[in-house]
Every structure is written in C-alpha cells, then in structure tokens.
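Here are some exercises to work through with the model open beside you. Try each task yourself before you read its solution.

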Amino acid sequence: MGILSIRKCAAILMAVCLVGVAASVGAQTFPAKNKAITLIVGFSAGGSSDAGARILAGGMEKVLGTKVEVLNKPGASGQLGYTMVAQAKPDGYTIGLASLPGVMVSIMDPDRKAAYKKDDFQPIALQVLDAGVIAVKADSPYKTIKDLLDDAKARPKKITMSTTGLQTGDHFSILQLQQLTGTQFAIVHFDGAGTAMTALLGKKINAYVGNVGDVLSQLKSGDIRVLGVMDTEESPFLPGVKTFESQGINLLGGSWRGYLAPAGTPKEIVDKLSAAMKTALETEEVKAAMDKLGLHIRYMDAKDYTKLWDSYGSMVKELIPLSKQ
Amino acid sequence: MDALHDLLMGFSVALAPGNLLYAFLGSAFGTLIGVLPGIGPAAGTALLIPLTARLDPTGAIIMLTAIFYGTQYGGTITSILLNVPGEAASAITCIDGHKMALKGRAGAALSIAAIGSFIGGLFATIALVFLAGPLTKLALEFGPVEFFALMILGISLMMGLAGKSMVKALMMGILGLLLAMVGMDPVRGAPRFTFGKMELMDGLNFVPVIMGLFGLSDILENAEESLDSTKSAKVGSLIPSREEVKDSVGPIARGSLMGTILGLIPGMTGSMASFLSYSTEKKISKHPERFGEGAVEGVAGPETANNAHANGALIPLFTLGIPASPTVAVLMGAFLMNGLIPGPFLFRENPQLVWGVIASFFIGNVILLILNLPLVGVWVKMLKIPYSILFAVILAFMVIGAYGVENSVFDVFIMLLFGVLGYLFKKFDFPMAPMILTLILGPTMERSLRRSMEMSQGDFSILFASPIAAGLLIASLIVLITSALRVFPGTRKKATSGSGSDRK
C-alpha cells in the first residue's frame, strides 16, 4: 500500500510537471503546424471591416506559417461575434476583430444585454484607425468648422448632422463635439454611409459625419468639402484637410479596428500574435492592399491597445445616456 | 451622340475575347448563386472576389458585375419550380410562378421571367448610358421625407392584395408591420420584441421567413395527402403561349421603368422593387382575381423589376460614387481593391474601363438570356422527380439555405416556425402577400419617418413641405379610395358589419 501511494504520488507529481511543461511548450510552439487560427469577424463578408481583416489574415499566414481562417458571424452590430470570442478557449487559436467604439457600446449599454464584460477580452493589437470626418456640400455656406459651430450656437438644434447609424463612432463623435463646444445639433441617424451621403448631396442635411474611407469619391469629384479630420495627424488620403486638433477642437474619433483574444490567453501567445500582426502590416503587399481601400494602418501593441480600450470604456460609459436622448 | 461613340468604344473593350469570357463566367456564377438559396447576391459576390484577384481591373469588374446581375436571373428558378425563393427579390414570384408550374406552365413562366429580366436589365443600362445625369438629380431629391411618402404609397397598395376578405388582408398587413418592428429601435436603441435573443437584435432575417412561409408550408400542405411516389407535376410546353406573351408586355414595360427608378435611389432594395411591381400589377389588372392562381403578370412584372433594379443600382455608383445597396457596396469594395475609386471622374480618368464595363452589361444580359432559355428545359425536368423524393431534397435545400444566410442555426428555427405559421395561414385562408409587403416596407417606412422627425425636431409639417412627398401622399390617397370603392361591394355582401370600420 505504502509503495503504491508513493507511486501514486510520483505519478501525480509527474503528471503535474508534464502539464506544466506542456503549457509552456504550448506557448513556445504556438502556433502548432496544421492547426488553424480562427479569426472571427462579427460583420458581413464584403464590408470594409471584413476586407481589412482578410488582408491581415493573409499576411499573418505567411509570418506564422499556419492557416488563419476568417469566420464571418454577423448580427446584432457585431455582438454575436464578440460573444463567440469571449466564450472561446483562451489558447490563441480563436481571436476576433473588434471595432471601437462599437464593441464598447455593446458592453456598456445595459439594453444590449451582452453576455460578456470588458474584462472578458485581452486586446492583442490595433490595426486601423478609420478616422472620423465632418463634411458639408461644396456649395455650403460653411467654409470652416468654425462657421458651422457658430451657426449651431446661434440656432441650437436646427442644424442637421447625419450619422451612419445609432451609437456608431460618428454618433459618439457628434456627442463629443457637442460637449466640447457647447453646441447642439439635430442628429439624424441613417443606416450606412450610402444613404447618409445621398442625403448630403441632395441637401437634405447640413453636415455629414462619417469616416475617411467613405468620402474619398465625393471629395475627388468636388461635390463636398471636408471640414476636418478627427485625428492627431492629417490623413494621407485627404491631402490638405486639417485635423480638428489643429483648428483648436480636441476631437479624436472614428472606427478603431483591432483584435481581441479571450481573457486568460497566455501573455507569450498574445505577444506572439501581436508581433506577427506587426510584421504582416509592415510587408509591402499588405500595405498596398490596405492603401487601396483607404484604410490607414495604425499599429498599436497589446499594451497601448489595452490603454485605448480602457479609455474608450470610460468615455462610452459616460456618453451612453446622452446617446439615447 | 457622344455617349454612343463612347459606348462603341466600350464594346471594343468588352468584346475582347478575354473580357467576353469573364462576362460569361460571371453570368454563370451569378445564376448559380441565384439558384442556391441562402447565399444572397452580396455574400455571393464577396465570396467570389478572390477569384478575380489576378485579373486586370477591367476583367475583374466585368466578371463581378455579371455575377451581381446574374443572381437576379437564377433566383427565379427555384421560386417557380419549388416554391422556394433563391433570393429575397424573387420571393413574390413564388405566388404566381409556382402556381403556373403546378398547371404545367413552368417552362412558360421561366421563359417569361428570363425575357423580362433581359429587357429590364437592358432598359436600365440604356438609361445609364443616355440619362445618367438627369436621373441622378432625381435620385438626390429623395430624402427621408420622400422615402416615407413612397413607402406609404407602397403600403396603400396592400389593400389591392387582399383575397376574399379585406379584414383578413388588413390583419395580415398589420402582422407584417409588427414583425418588422422586431429588433433594435433605430433611434433610441431599445430592443423590441427580442425576448432577450441577441439573434433578433437586427430584426428577423427575411430569407428564412419567406422560405418558411412559402416553401415549408407548401411541403406541410402536400404532406396531408399521401406522399404518392408516382405523383409529380405536369411539364407542359416550354414556350409561352401568345396569350401569355400579350399579357406580359405591359408588366415588363412598367417593371423596367419602376425597377430602374427604384434602383437609382440609394436605400431601395430589389425586393421592394419586385413587391411594388407585383402590387401595382394586381391593382391595375382588369382581372385581379387571377393573381395568386398563376397569373403570368405576377411573374413578368416583378422579375423584370428586380433585374432592372440590379442594373439601375449601378447608376449612382458611377455618377455619385455611392453604393445604392449592400451588394453594390461589395462591388464598390472590388473597385477599390483594383485601385479605382468609383465616381463621375472615372469617366474622365478611365473611360476605357467604365465604358467597357457598361458595354459588358449589354453583353452579359444577352449571355444570361442565351444561357437561361435553353436551360429552362433542363430545370423543368426537376418537376418529373416524384414528389416523395423531391420534398426531402427541397427540405434539405431550405435548411442549408436558412443556415447559410448568417451561419446561424437560429435562422433554421425561424424558418421552421414560419413554415408552421404559413401552413396555418393557408388553412384559414389568410393572404400572405399583404404581410410580406408590410414586412419589407415597414422598417424603411419607420426609419424614414423617424429620420424626418429628427430633421424637423418633431414637426410633422415637414412631411407636406416637399412637393414630391406631397404628390406621393396624394397618390396614396387616390389608391386607397379606388381600392375601397372596388372592394366595397364585395365585402358588403359577405360581412355587413366590420368592413366599414376597417377603412376608418
């Protein structure tokens, strides 16, 4: 009996050691050959979120030497996809695309009844900032953002401003702008950039709020004027358009697209994925493809992205009640 | 005649052997995507974009646009033969198309649909070549207020879709509006009728709903009789009779015009075009009672309208750089990936490509006609399969289709639920067309009304300030009054009380 129990103890000890070794080996050998990484995209195939993720997935495959498969799980403004990521096994083989502020809205808005919390995710890296812009029709009397704000102050709630949807980045940017400048606009929610832009060109609304990628065509044809970019630097796609920061308004926003792992994914694996994304984003092939789509690469590693993640958490939490008025 | 000159140059590009091949491949893939239920044009086009990655931009765009409008041809086939819509825009074709098939006129229905699609596509493309400028101005006049008025006009056509009982039709119309409310409130963000289900946040997916209502309920109904292994539908002549051709001329002409105009307006979908065409045809028909019993007008109009819509929706992409529908947004992505920003300047900067692509629309539509007419004979043979075998295939087809829309098992259950509902509706003689009409138009009606209110900060007078909106609202009133006058004598005989109060 005694011998047996010693044997038992030894076996248990060995098993424990083996598990430990296996775990560290798991991190070192990640990703295993022939084991595909699933990248969950909570949006339909063909959109710009999906396109960016697919370009990155292609680049990562070359760096990591294993398949990176994009799985589209659209629905509930990305919430179905985020749920899948939060509930996945934290082994690095399931990661997901996240779009700020959208993902944070689903967490902070009690009406959305999300099955996940802010801490259920481990940010990996930021890929893109599709910065916000404010645009008016080319023949509009508003030559600068100041003209627009002055008129809004003179006639509160009379100047119409579009969003591409309720609680999107555009919506939060308008709310921030109102807070910063003490103005009030009549906010009109459209569904998508197409219908909102049509309304601007047809003079149904005074100002359009959307992302850089959505205004390239109309700016090129001379139909619209962009009053500013919500970023710390000018957009390479909109030469000559000033940032709002340089015009004295500290307005930063747009869609930040990055990648999340479920919380509890080992740090080594997160760092490895983050580094692989960085390398992929630096290759000429990926750069050229992103450039064509008007997607501005803005890499952040896990640490910086987590900071952004946290700051958006508090910002969105504060603005949620305002977004429902 | 600059446009004509440019177009001829375009043909020289589009008729190059390589581009001809891409137009053919695109048309063939498009038809296939249309036939497969669940894979809609947007997802289908997105999935096939990698196929074109290695082509030159002209070839790639020619192929992808052909896939896009090709789906409109394919969607009809399963609607007519199996009562399972391959595409949302072909759903309404089930009603009369499948009835025609049961009467042995499947070949005729498919041929008329193909010819109508061809004419509709051609019409929209000619409009793009010669009238793009003025038409675009018209589209820009449509803001939220005008949208709302147009939706009201559409819904007023609902009364015309009633069967024997106006009360039942109105009940179904309201049920459709209620179902359209499921999902997140578009202004306040509150969940409505979602029962805590995340899958319902974006509202009901339309394709599983109609698959259940039409396809599954049909199987349930057939299962009441013994599933006789020898029973199969008749396969009559493949060629439309002179009568059928004559009856189709008007619907095809109106469908072309309606589809093209709706295609121009960003936010209008192909299914709206086909449903409005169907409702209009029934409204103006001298024999509205034939609708639902296999009226060829109920196939010719909608099938023309949805294809005209598909080609018409490309006009704002070229003239404004705006994607008018989700599928065109996918196409726009393909333009961008090829380093092209769609917009009016493309005509200046890259005339070879633009006019080549436009010319390819003519060629693609001809290819689709040539491809589809002889195939009619092949497709119709499907009806010779004994029903006891066929129904299992249809069922499998529908389950895969419902799942495929969003990779979601939830949608399969939605389809099953609506299959049972559809069966009950049929048993108790509730007409489904009014419900589907309001289900399609309802969300856009609500959104455009609330958008108008956001613009005016709650002042209703904005709805009458626009001449277009006022005109459309007056037209709706006329439709309502004439429908009421027409229906009134019929309902009074059956139900003396109740019918008056329904009409306010």
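**Exercise 1.** How many residues of domain 1 of chain A are in contact with domain 2 of chain A, and how many of domain 2 touch them in return?

*Solution.* A word of caution to begin with: this is a predicted model. Start with the bounds. Domain 1 of chain A comes in two pieces, 34–129 + 255–323, and domain 2 covers 131–247. Next, look at the spacing: the domain centres, taken over C-alpha atoms, are 27 Å apart. Now count the contacts: 14 residues of domain 1 of chain A meet 15 residues of domain 2 of chain A. On the domain 1 side, α4 (102–108) and α11 (302–323) of chain A each supply at least two residues. Of the elements there, α11(A) gives the most, with four residues. Finally, sort that side by class, and you get eight nonpolar, six polar and no charged residues.

**Exercise 2.** Find Asp109(A) and work out which residues it is in contact with, leaving aside its neighbours within four places in sequence.

*Solution.* First, locate it: Asp109(A) sits in the loop between α4 and β4 (121–137) of chain A. Then judge its surroundings. Asp109(A) has 19 other C-beta atoms within 10 Å, and being buried takes 20 or more, so Asp109(A) is partly exposed. Now for the partners: they are Ile320(A) and, over in the other chain, Gly189(B). One more distance to check on screen is the one to Gln167(A), 58 residues away along the chain, where the C-alpha atoms are 10.0 Å apart.

**Exercise 3.** Is helix α7 of chain A mostly covered or mostly open?

*Solution.* The helix runs over residues 193–201 of chain A. Go along it and check each residue: Ala193(A), Gly194(A), Thr195(A), Ala196(A), Met197(A), Thr198(A), Ala199(A), Leu200(A) and Leu201(A) are buried. That's nine of nine, so α7(A) counts as mostly covered.

**Exercise 4.** Describe the overall build of chain B, and say how its radius of gyration relates to the globule rule.

*Solution.* Begin with the elements: chain B has 22 helices and two strands. Its radius of gyration is 22 Å, close to the 23 Å that the rule gives for 504 residues, so chain B is as compact as a globular protein of that length. The C-alpha trace spans about 65 × 65 × 50 Å along its principal axes, and 58% of the residues of chain B count as buried.

**Exercise 5.** At roughly what angle do helices α6 and α12 of chain B cross?

*Solution.* Pick out α6 (residues 106–140) and α12 (residues 297–312) of chain B; their axes come within 7 Å and cross at roughly 35°. The crossing is right-handed. Among the residues that meet are Gly116(B) and Gly120(B) in α6(B), and Ala300(B) and Ala308(B) in α12(B). By class, the contact has 11 nonpolar, nine polar and one charged.

**Exercise 6.** How many residues of chain B are in contact with chain A?

*Solution.* The count is 46 residues of chain B against 43 of chain A. On the chain B side, the elements giving two or more residues are α3 (41–48), α14 (326–337) and α19 (433–456). That side has 26 nonpolar, 12 polar and eight charged residues.

Methods:
Residues are numbered from 1 along each chain as its sequence is written. Chains are lettered from A and ligands numbered from 1 in the order in which they are written. This is a predicted model: local features need pLDDT of at least 70, side-chain atom pairs count only at pLDDT 80 or more; totals for chains, interfaces and linings use all residues. Two residues are in contact if their C-beta atoms, placed from the backbone, lie within 7 Å. Ala, Val, Leu, Ile, Met, Phe, Trp, Tyr, Cys and Pro count as nonpolar, Asp, Glu, Lys and Arg as charged, and the others, Gly among them, as polar. Axes are lines fitted to C-alpha atoms, for helices over the stretch in contact, and angles run from 0 to 180 degrees between N-to-C directions. A crossing is left-handed if the near helix is turned anticlockwise from the far one by less than a right angle, and right-handed if clockwise. The radius of gyration is taken over C-alpha atoms; the globule rule is 2.2 Å times the number of residues to the power 0.38. A residue is buried if 20 or more other C-beta atoms lie within 10 Å of its own, exposed if 12 or fewer, and partly exposed in between; C-beta atoms are placed from the backbone. Domain bounds come from an automatic or database domain assignment.
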